[in-house]
Amino acid sequence: IANPRRPPVIWLSFQECTGCVESLLRSNHPTIEHLILDLISLDYSETLSAAAGHQAEAAKNKSITENRGKFILVVDGAIPTKDQGIYCKIAGKTALSILQETAPYAAAVVAMGSCASWGGVAAAGSNPTGAKGVPEILNKTKVVSIPGCPPNPYNLLSTLIYYITYNRLPELDEKGRPKFAYSRLIHENCERRPHFDAGRFATQFGDDMHRKGACLYKLGCKGPETYANCPSVLFGETGAGTWPVGIGHPCFGCTEKGVGFAEPLHQMA
Ligand code: SF4
Ligand code: SF4
């Protein structure tokens, strides 16, 4: 899949914690260096660009001008809309205006993480900055959403490599998520599912059933209402069980709008 004319990618970061980029940095197939040195041309990234300041802005503007209709735009972080968007500014411009002036020239737009998908952490609670996700801002543009907090890097990498290989986006569900990654419930593939079916539940962190690996539903697990491939793809590539439920924490539904951040976890007796 190595391509001598590497597809240009512009990565914009707005109201975010850098967790989405950190997640990508820990991928192994392909590695981040293979991705950005051999497969794509990462023309702008606040975290990964060698350039900074005016030089980085110039690189971004040059890429947009030279690659109109050809570059992939990746966004992580939410976009504040309250008070004309003044709560996130880069190079003197609001995130809102940067997104609105860049997205129309992109071949494809990818919202990386729950913040970019619908507002995520920034939009939780009273949402003081009026944070919104990319699909809501660009309501006429088809946006691929890769929710998760952080999202699994392989869901982004697979989307990018699918696009590079076939020159089209993978099939999406009604929420704009790639079906290859978000069509099955966490609950379907969870290794604790036999305990759920047999009625064996942990009821407190550290209790006997928790230590024995029982189901976490009564500790608030949102696996039965959350679509994502976490139990299959895992995180960090350090072996079996390396995902939140695998290490004893309930799924908190970070890939589902209104499940993960809008409400407190249910604690069932
Ligand atoms: Fe950070 Fe999570 Fe938002 Fe990504 S989705 S920027 S990891 S808070
Ligand atoms: Fe389902 Fe969560 Fe129990 Fe796993 S731990 S079986 S996802 S309720």
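## The shell around ligand 1

In this predicted model, ligand 1 is surrounded by Glu16, Cys17, Gly19, Cys20, Gly113, Ser114, Cys115, Val121, Gly148, Cys149 and Pro150. By residue class, the shell holds six nonpolar, four polar and one charged.

Two members of the shell, Cys149 and Pro150, are joined by a cis peptide bond, with omega about -5°. Pro150 sits in the loop between S9 and H7.

## Cysteines without disulfides

How many disulfides does a search of the whole structure find? The count is zero. The closest cysteine sulfur to that of Cys230 belongs to Cys254, and the two are 6.1 Å apart. A disulfide needs the sulfur atoms within 2.5 Å, so this distance is too far for a bond.

Cys230 is also buried, at 14% relative accessibility. Cys215 is buried as well, with a relative accessible area of 8%.

## The nonpolar core

The largest nonpolar core has 37 residues. Trp11, Ile72, Val74, Val110, Met112, Leu156 and Val245 have the most contacts inside it. At least two residues each come from strand S1 (8-13), strand S3 (72-76), strand S7 (108-112) and strand S9 (143-146). The helices that do likewise are H1, helix H2 (32-39), helix H7 (153-166) and helix H8 (179-182). Which helix gives the most to this core? H7 does, with seven residues.

## One side of H4

Helix H4 spans residues 95-102, and its buried residues are Ala95, Leu96, Ile98, Leu99 and Thr102. Why do they lie on the same side of H4? They cover an arc of only 165° around the axis, which places them on one side of the helix. The spacing fits a general rule. An α-helix has 3.6 residues a turn, so residues three or four places apart point the same way.

## Salt bridges

Side chains of opposite charge can pair when their charged atoms come close. The structure holds 12 salt bridges.

Glu171 and Lys179 form one of them, with N and O 3.0 Å apart. Glu171 is exposed, at 53% relative accessibility. Lys179 is partly exposed, at 35%. Arg184 pairs with Glu188, and their closest N and O atoms are 2.7 Å apart. Both partners are partly exposed: Arg184 at 44% relative accessibility, Glu188 at 38%. Elsewhere, salt bridges with shared partners link Asp173, Lys175, Arg177 and Glu256 into one network.

Within that network, the side chains of Asp173 and Arg177 meet at 2.9 Å, N to O. Are these two residues buried or exposed? Asp173 is buried, and so is Arg177.

Most residues other than glycine have a negative phi, and most peptide bonds are trans. Several sites here depart from that pattern. A cis peptide bond joins His29 and Pro30, with omega about 0°. Pro30 is in the loop between H1 and H2.

Gln84 is not a glycine, yet its phi is positive, about 60°. Where does Gln84 lie? Its place is the loop between strand S4 (79-80) and strand S5 (89-90). Gln84 is exposed, with a relative accessible area of 67%. Leu234 also has a positive phi, near 65°. Leu234 falls in the segment after helix H12 (230-233).

Val134 lies in helix H6 (residues 134-137). Is Val134 buried or exposed? Val134 is buried, at 0% relative accessibility.

Technical notes
Residues are numbered from 1 along each chain as its sequence is written. Chains are lettered from A and ligands numbered from 1 in the order in which they are written. This is a predicted model: local features need pLDDT of at least 70, side-chain atom pairs count only at pLDDT 80 or more; totals for chains, interfaces and linings use all residues. Side-chain values use heavy atoms; hydrogens and water are left out. A residue is near a molecule or strand if one of its heavy atoms lies within 4 Å of it. Ala, Val, Leu, Ile, Met, Phe, Trp, Tyr, Cys and Pro count as nonpolar, Asp, Glu, Lys and Arg as charged, and the others, Gly among them, as polar. Buried means under 20% relative accessible area, exposed over 50%, partly exposed in between (1.4 Å probe, protein chains only). Helices (H or I, at least four residues) and strands (E, at least two) are DSSP runs, numbered from the N terminus. The arc is that of the directions from the helix axis to the C-beta atoms. A salt bridge is a side-chain nitrogen of Lys or Arg within 4 Å of a carboxyl oxygen of Asp or Glu. A nonpolar core is a set of buried Ala, Val, Leu, Ile, Met, Phe, Trp, Tyr and Cys residues joined through side-chain atoms within 4.5 Å.
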